[in-house]
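Dear colleague,

I am handing over the structure below, together with some notes on what turned up in it. Please read the notes with the coordinates open beside you.

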Amino acid sequence: TIYCLHPATAKAPISILLPKCLNNKRWCEGWEQIFVCLLCFFSLFNIFVLSSWYNICSSKTTQVDSGPPVSKSSDSLRVRALSKEMEILRNEQTKFSDEMRVLEEKIDGILASRSGTKEQDTNNRVLKVHIWDDTTLPMGYREKKLYSVEGFSTHPRTTLVDSAEDADLIAWVSVRGNTEKEIPPTNYSNVVLLDYADGCNVHQKRGELKHMIGYFKRSFVLRDKDSVYVRNCTLEEVIGGIFPFSYSGLEALVNKDIHKERNTLITSVLRTEGTHNKVRSRVVDWTKSFIEQHGLKNKSSLGDVSSGRRFDHTYLSHLADSKIIVTCNPWSWEGDFRLWEALLSGALVMVDKMAIPHWMPHPFVHKKHLIFYDTTNQSEFNSLLEYYIEHEDEARRIGETGYNFVLEHHMSKDRVSYILDNIESRIVLD
C-alpha cells in the first residue's frame, strides 16, 4: 500500500518513515500521507496483538498435549493417583475376561464332544429291540403282537430282533393275566417294562429285574364308584418313578375313507355286563333314553356288533358309518381299546373325562379333538348330544380333527418315541 501511494519511499525502513511522517509536516500533507501513517500504526498494532495471541495458543496446546496441569493441592494428586489405579484395573479386567472366554470355549468344546458321542450312541443309532416272551401268550395278544410289534418295527430308531442276546433294549410287555407263570428278563440289561394291566397297582415281579431302565404303566389312576378320578395310584414306588402309559392307534384301525356318507346318527358299542361295566351301563341308559325321547331309534345303534374276532370288519365298518360315537372307560381303571377304535373311525367321539391323556405328550382338547362328559351329570350329557345333532358340520369337523390328531401324535410308533425320550439317557450300550 505504501508503495502504491509513494513509490519513492516504499523501500524506506519503518524507522525512517515514521519520524518523517510525524516531524515533516510538508511530507504528511494530503490524504495519502495521512492514510499511510495510519496504516503503519495499524500494522504495528496487529503484529503485537497477533504475536501475543500465538504465544497464548502455543501455551494451551502444550498443556493439552501433556495433560492437565498438575496441581500442588492434595486433592489433585489423589485424583491423579486414583485415575492411574482405575486404568490398571481396567487392563486387568480385560485380560481376565479374555482368559475366561478361552476357558469357556474349551469347556463348551468338551461338553459338545461328549454330547455328540451320546447322540451318536442313542439318537442316531438304530436300537435293536427284543420283545420278551414271558410265556403267557395268548394273554395280551394285542399288546404283545400288535401294539408292540407295530410300534418298534415302524419306528425309525428301532428294529426288532429275535434274540435277547443280540438286543440293545428288552421290552417286557405284560398284562399280568397270570403273574405267577410270567418269567421276567431277570439277567438282561436295558429292560423296559410295559405294564398294560388294568389294576391300579405295580407289577409284583418288577424287583426281579436287575437293570430296569423304565417302567411304563397303563391305568395309572384310581377311580371312584362313579368312574371319577381320585388319585395317582402308583405314586413313586419305583426308582425314577413310573411313567403314565396308554393304548394308541393302530394301522389296522384306520378308516381310509372318513369323508364318505354316514348313515348312523348315534352309536354306542359298550358292553354293560359285569361289575367293572356298571358306569358304562349308566351311560348306555342315558344314551338310550335320549334316543327314545328324540325319536332317533331308527337312526341309532346300541349294543355290541362284533363277532368276537379281533378288529372284526363288521365292527369297524359300523364305526365308520357312525356320526357320533358314545364310549366310556371301565369303572375302576382308565384306558381301553374302544376310544382309539372310535377316534380312528373319523366320527365325533364322546368319552368320559380322563386323566392319563393329559399327562402324556399332545393331550386331547375338549371340543377340538373329542368331547369329554361327566359321568355324574346326565343333563350335561344330554345337552352335548343335542347340540352336536343340531350342528352336524361342527360335529364332523371335530371328528376329523381328532382323527388326524391321532394319526399325527398317538399311533403305536409315537408311543415308542415317548418311551425312548424318557429312557435314552439310561441306555447302556456296549
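A residue is called buried here when its relative accessible area is under 20%, and because Y418 comes out at 9% relative accessibility, Y418 counts as buried. Please keep in mind throughout that this is a predicted model.

Aromatic rings

The structure holds 17 aromatic pairs. One of them joins Y196 and Y247, which are stacked with 5.5 Å from centre to centre and 15 degrees between the planes. Y196 lies in the loop between β4 (191-195) and β5 (212-217), while Y247 lies in the loop between β8 (243-244) and β9 (264-268), so this pair ties together parts that are 51 residues apart in sequence. Y196 is buried, at 6% relative accessibility, and Y247 is buried as well, with a relative accessible area of 5%.

A further stacked pair is formed by F245 and Y418, whose ring centres are 6.4 Å apart and whose planes make an angle of 15 degrees. Here F245 belongs to the loop between β8 and β9 and Y418 to helix α11 (residues 412-423), so the pair ties together parts that are 173 residues apart in sequence. F245 has a relative accessible area of 1% and is therefore buried.

Charges over rings

Elsewhere, K278 lies over the face of W331, at 4.0 Å from the centre of the ring.

Helix α9

Helix α9 (residues 378-390) has 13 residues and reaches 18 Å from its first C-alpha to its last, which is close to the 18 Å expected at 1.5 Å a residue. Its buried residues are F381, L384, L385, Y388 and I389; seen down the axis of α9, they fall within an arc of 130 degrees, so they line one face of the helix. The buried residues of α9 pack against β9, α6 (278-293), β11 (322-326), β12 (348-352), β13 (371-373) and α10 (392-409), whereas S379 and E390, on the other side of α9, are exposed. At the N-terminal end, α9 is capped by N377, a side-chain oxygen of which lies 3.3 Å from the backbone nitrogen of S379.

Notes: Residues are numbered from 1 along each chain as its sequence is written. This is a predicted model: local features need pLDDT of at least 70, side-chain atom pairs count only at pLDDT 80 or more; totals for chains, interfaces and linings use all residues. Side-chain values use heavy atoms; hydrogens and water are left out. Rings of Phe, Tyr and Trp (its six-membered ring) pair if their centres lie within 6.5 Å; planes under 30 degrees apart count as stacked, over 60 as edge-to-face and the rest as tilted. Helices (H or I, at least four residues) and strands (E, at least two) are DSSP runs, numbered from the N terminus. Buried means under 20% relative accessible area, exposed over 50%, partly exposed in between (1.4 Å probe, protein chains only). A charge sits over a ring if NZ of Lys or CZ of Arg is within 6 Å of the ring centre and within 35 degrees of the ring normal. The expected span of a helix is 1.5 Å times one less than its number of residues. The arc is that of the directions from the helix axis to the C-beta atoms. Contact means heavy atoms within 4.5 Å. A polar contact is a pair of N or O atoms within 3.5 Å; within protein, one must be able to donate a hydrogen and the other to accept it, and residues adjacent in sequence count only if both atoms are side-chain atoms.
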